[in-house]
Amino acid sequence: MTPQTVSPPARLSGHAVGTGRPWPMGASFTGDGVNFAVFSAHAELIELCLFSADGRKELARLPIRERDGDIWHIHVGGLTLGTVYGFRAHGPDAPEQGHRFNPHKLLLDPYARALEGRLKWSDAVMGYKIGSPRGDLSFDTRDSAFAVPKAVVTDPSFSWGNDTAPRTPRIDTVIYEAHVKGLTALHQGIDKQLRGTYLGLCSDPVIEHLQKLGITVIELMPVQAFVDDRFLMAKGLRNYWGYNTLAFFAPEPRYMSKGALWEFQTMVRRLHAAGIEVILDVVYNHSAEGDEWGPTLSFRGLDNASYYRLAAGGRHYVNDAGTGNTLNLTHPMVLRMVMDSLRYWVEVGHVDGFRFDLATALGREAHGFDPNGGFFDVIRQDPVLSRVKLIAEPWDIGPGGYQLGAYPHPFQEWNDKYRDGVRRFWKGDAGMTRDLASRVLGSADRFDHSGRAATSSVNFVTSHDGFTLDDLASFTIKRNFANGEDNRDGHSENHSDNMGVEGPTTDPKVMAARALRKRNLLATLMLSQGMPMLLMGDEIGNSQSGNNNAYAQDNEVSWLDWANADQGLQAFVARLTALRREMPMLRQRRFLHARQRPTDQVPEVIWRRANGTVPQSEEWHDPAFRCLCVEVRMAAEGSDGNRDAAFVVFNSGPETALHLPDIAPGWDLVLDTTRPDLITGPALTTAPALSVLLFRSVSGQPKGGKSP
């Protein structure tokens, strides 16, 4: 069955219509008109729909008659930049075979570079008739054009001047995970008109803050145009995080003050000038169309059977992302769209890398997750994409979804084993010392294979998904009631500790204990091998009042409270990043395995107990072993004669006597989390309870030759 539209608009007059060409994909201004190219393998006819500048009136509907393989193309003379358009696709209405064509539904170009209007939730955007006894097998004939966003023909050119990518080496990278609006909405130093926008994010106060912290990369939560879920809108909420992408080439309009791409490009240029790279958190595992009960907005209407991984003969959707659908990256044209999108953001937006949400879904082939699958092969051979930073969230909810450590070079990976292990060590869980040892040396048990570097592990204690650092030390139970899901959403096991009082308190002892816990967690993060990531606001004591899943809280729950910023904690974080920069043995590319260095016959790493002895195998499993010490030097390979050393103490237990390694002329104490204002001091003979200590060798020259 191929239903036809009713009473279509008049054909366009006064414009020469030609065959056009099948490249580039999307809409391209040619000087004398616009070329349109769109993919569909199963459509029987595609129509180009042209609209008024405000997107409210459909002016013309042109059949696209030329087809080159599965790419439909047309050139319309006389059209200019700013032309507003969409598509309608005719084809079989056969959901049980995977086809959901419905020409009554206006479809957004998958390659749309800019949008006109936002999605207005209406039953008309559904391809089926809500309430029909046939459910999703029914067919809705209402025109959806009034309710859906349209694509806009744009010119992405921009005056970049002398913009140069910082290209910060991975060993020197410090990531700051941030949300465009959350970071800037309440900042009094930013012009009111720019708060919550790209231009606000690149304002002087934000850049100065990042520079003081020692941040080298800002990782932005989704900025590709996304949709507010219908169930959230019904509750008076919005999709704050943005993991519901509709347009993979278009910047999210809500973060613009002028509504143009140049605002995003200006942000990148200004951040680059400050030496800060920009990484985008991207969501290519699913789209905003949901499952068979979701709206028909773009991919579903153009070619459902190609764009999505389907089940049960085609009627239902594989749901490896937990959001209703899964994009089918095993299809060459879907994979091409993803690669074109990534390349667009690098070449047009000058971004420096990507963090891939639920990345396992991207590497899942018919036989399961494959680190040598199509997605990885294509991206690693690409001359543009292979040079930028690539970070995977190494899991999804599909079969074999947890793949920490399985990604190929040059991918880095979010390391949840690091997050949980460090949290549990400082919470006081027994038997965590051995695990901590692995985590602070880059999690070699997961990543030291196939030529991968110690920077493969993206270490974090907190991220957008979970408690903030302040809440981690203030709540044992999540408080997600504001999300409208009766507190069922979000993780229940957070390895958190309220330090004796649940939630806010004025008790000075509890407040001091919480402050120390936060400093210990931050110090562990910055003194570990790997690539550290700091969640925005953790450096100023930001709280979400115990909400550990604030995805729908586009309000003061999620926006940073700059007015009550903890300046002391901010200074402490800046001190940590400075020490990390100053001491190269804390941020190495090679994994450390206690190999002897040929320059001085001293092992590159030596584990010790507080009494100075090297732990024996049975001691690693002793639940009373809570004070872990490590002596670190540059790796055996590539030390270049550098004899400097660091001695780090992680003490989650009581105060204990401390024996420092015997080197001449000795050690300087450069960090003590129990004394956050200390800059340098003499060596200690005790390790304070619940502390992190960092000592730096005065010369690094071992006394008496080989260390034990």
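Guide: Y111, Y198, F226, F249, Y255, F264, Y344 and W345 form one aromatic cluster. Please bear in mind that the model is predicted.

Visitor: How many aromatic pairs are there by this rule?

Guide: The count comes to 36 aromatic pairs. One of them joins F158 and W160, with 4.8 Å centre to centre and 75 degrees between the planes.

Visitor: What makes the pair of F158 and W160 edge-to-face?

Guide: Ring centres must lie within 6.5 Å to pair, and planes over 60 degrees apart count as edge-to-face. F158 and W160 have centres 4.8 Å apart and planes at 75 degrees, so the pair is edge-to-face. The pair of F375 and F376, at 5.3 Å centre to centre and 70 degrees between the planes, is therefore edge-to-face by this rule as well.

Visitor: Why are W160, F375 and F376 called buried?

Guide: The term applies under 20% relative accessible area. W160 has 12% relative accessibility, so W160 counts as buried. F375 has 1% and therefore counts as buried, and F376, with a relative accessible area of 1%, is buried too.

Visitor: How do you know that K150 lies over the face of F51?

Guide: The distance cut-off is 6 Å from the ring centre, and the charge must also be within 35 degrees of the ring normal. K150 lies over the face of F51 at 5.2 Å from the ring centre. R609 is placed over the face of F625, at 4.3 Å from the ring centre.

Visitor: Is C629 buried or exposed, and what of C202?

Guide: C629 has 0% relative accessibility and so counts as buried. C202, at 2%, likewise counts as buried.

Visitor: What is the volume of the second largest pocket, and which residues are closest to its centre?

Guide: The second largest pocket has a volume of about 580 Å³. Its lining consists of 23 residues, and those closest to the centre are D470, S474, K518, G541 and S543. Helix 13 (residues 508–526) provides the largest share of this lining, four residues. By residue class, the lining divides into nine nonpolar, eight polar and six charged.

Technical notes:
Residues numbered from 1 in each chain as written. Predicted model: local features only at pLDDT ≥ 70, side-chain atom pairs only at ≥ 80, totals over all residues. Heavy atoms only, no water. Buried < 20%, exposed > 50% of the residue type's maximum accessible area, 1.4 Å probe, protein only. 1 Å grid on protein atoms, 1.4 Å probe; cavity = no way out; pocket = protein on both sides within 12 Å on 5 of 7 lines; lining within 4 Å. Points joined across faces, edges and corners; volume = space filled by probe spheres on them. Helix = DSSP H or I, 4+ residues; strand = E, 2+ residues; numbered from the N terminus. Nonpolar A, V, L, I, M, F, W, Y, C, P; charged D, E, K, R; others polar. Phe/Tyr/Trp six-rings, centres within 6.5 Å; stacked < 30°, edge-to-face > 60°.
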